[in-house]
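This report examines selected features of one protein structure. Please keep the sequence and the model in view while reading.

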Amino acid sequence: MISVLCTCLPIILMILIGIICRKKEILSGEGVANLKKVALNITLPALLISAFSKLEYSINNIIIVVLMFIVCLLGIFLGKIFQKLFHIDSRYMPYITTGFELGMLGYALFEMLYPGESLGYLASIDIGLTFFANTVYRMMLNRENGTKESAPNKVISDIFKSPIVIAIITGIILGVSGIYKMLIPSGIATVIDSCTDFFGAPTGAIILLTIGYDLVLSDVPWKKVVKTIAARVIIMAVLWIGMRFAIKALNMMEYEHALNVVFILPAAFILPVFADDKDESVYISSSLSVYTILTIVAFVILAALRQFG
């Protein structure tokens with residue numbers, strides 16, 4: 001029980017601190033937005049450089065990227081089916097049933113649930129998710145809104161401007177080229193690790209605080225939100241089972257723990273930005289907020305199973 005508390009209590013407390021910061025006006029919305037920028041542009045990229053530079057590269061890395069891209073495509077396809085089955089009146093519903101918020105939540109949960117385990121497995125999965133989010137996902141969302149920003153050259157340009165993508169590429173170069181390993185005897189690799197570890201350390205606390213700040217459950221369109229969450233839970237369960245069979249058949253069980261975390265995550269937190277009217281924005285934000293609570297509950301269950309299983 002102490003081990004479970006050591007894993008779960010810091011997360012719960014940090015989210016509660018975020019809620020308190022909003023209610024007591026300790027932080028402003030602008031301040032929280034700036035904290036998110038710090039996490040996404042500085043601390044998280046530092047973790048990714050470290051993870052990818054130490055990752056042992058093999059054909060499995062490519063396979064997991066392709067598999068996760070397919071998973072995301074299936075999420076949209078199945079979402080459209082459930083949209084009709086559940087009579088959910090929102091064209092954005094299928095986009096809530098796909099994608100995973102790794103950057104603002106997944107990495108923090110993984111490090112707490114599996115301390116000492118390589119982030120590289122999660123980072124490899126993130127390549128597939130990042131590629132999907134910045135290509136098919138974004139182009140389909142822009143088409144929904146009737147914008148012209150889905151041009152392939154614009155999408156590609158934006159991908160390579162992302163600090164997260166730059167960090168992933170940097171880490172891959174250091175790892176694949178063998179530069180990182182060559183720097184180990186001289187001690188330079190230790191210096192790099194010291195910097196990335198120090199820069200990346202606040203990531204979990206910052207992210208969880210901002211999640212708590214954003215957790216506002218007033219004015220939730222509960223009927224539509226509950227249907228949407230039920231659809232995502234069913235879809236994620238089906239896709240998780242499919243991935244379990246796939247990685248077992250392909251002898252890739254080293255990704256098991258990373259996938260356990262990925263499939264309890266909510267959809268990407270950036271999704272409300274694409275909503276073109278207030279009602280849709282409230283619906284999307286409410287769905288993400290409620291699902292985030294379910295994610296924390298699922299995390300507690302995973303932590304308990306890990307300790308007592």
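How many salt bridges does a search of the whole structure find? In this predicted model, the search finds two.

Side chains of opposite charge can pair when their charged atoms come close. Asp193 is buried, at a relative accessible area of 15%, whereas Lys54 is partly exposed, at 39%.

The other salt bridge is formed by the side chains of Glu256 and Arg244, at 2.5 Å from N to O. Glu256 lies in helix 13 and Arg244 in helix 12, so the pair links parts that are twelve residues apart in sequence. Glu256 is partly exposed, with 25% relative accessibility, and Arg244 is also partly exposed, at 29%.

## The buried face of helix 10

Asp193 is one of the buried residues of helix 10, together with Ala189, Thr196 and Gly200. Viewed down the helix axis, the buried residues fall within an arc of 75°, so they line one face of helix 10. Their cover includes helix 2, helix 9 and helix 11. On the other side of helix 10, Thr190, Val191 and Phe198 are exposed.

## A buried arginine without a salt bridge

Arg232 is located in helix 12. Arg232 is buried but has no salt bridge; Glu101, the nearest side chain of opposite charge, is 9.5 Å away. A polar atom of the Arg232 side chain does lie 2.9 Å from the backbone oxygen of Ile96.

Terms used: Residues are numbered from 1 along each chain as its sequence is written. This is a predicted model: local features need pLDDT of at least 70, side-chain atom pairs count only at pLDDT 80 or more; totals for chains, interfaces and linings use all residues. Side-chain values use heavy atoms; hydrogens and water are left out. Buried means under 20% relative accessible area, exposed over 50%, partly exposed in between (1.4 Å probe, protein chains only). Helices (H or I, at least four residues) and strands (E, at least two) are DSSP runs, numbered from the N terminus. The arc is that of the directions from the helix axis to the C-beta atoms. Contact means heavy atoms within 4.5 Å. Lys and Arg count as positive and Asp and Glu as negative; His and the chain ends are not counted. A salt bridge is a side-chain nitrogen of Lys or Arg within 4 Å of a carboxyl oxygen of Asp or Glu. A polar contact is a pair of N or O atoms within 3.5 Å; within protein, one must be able to donate a hydrogen and the other to accept it, and residues adjacent in sequence count only if both atoms are side-chain atoms.
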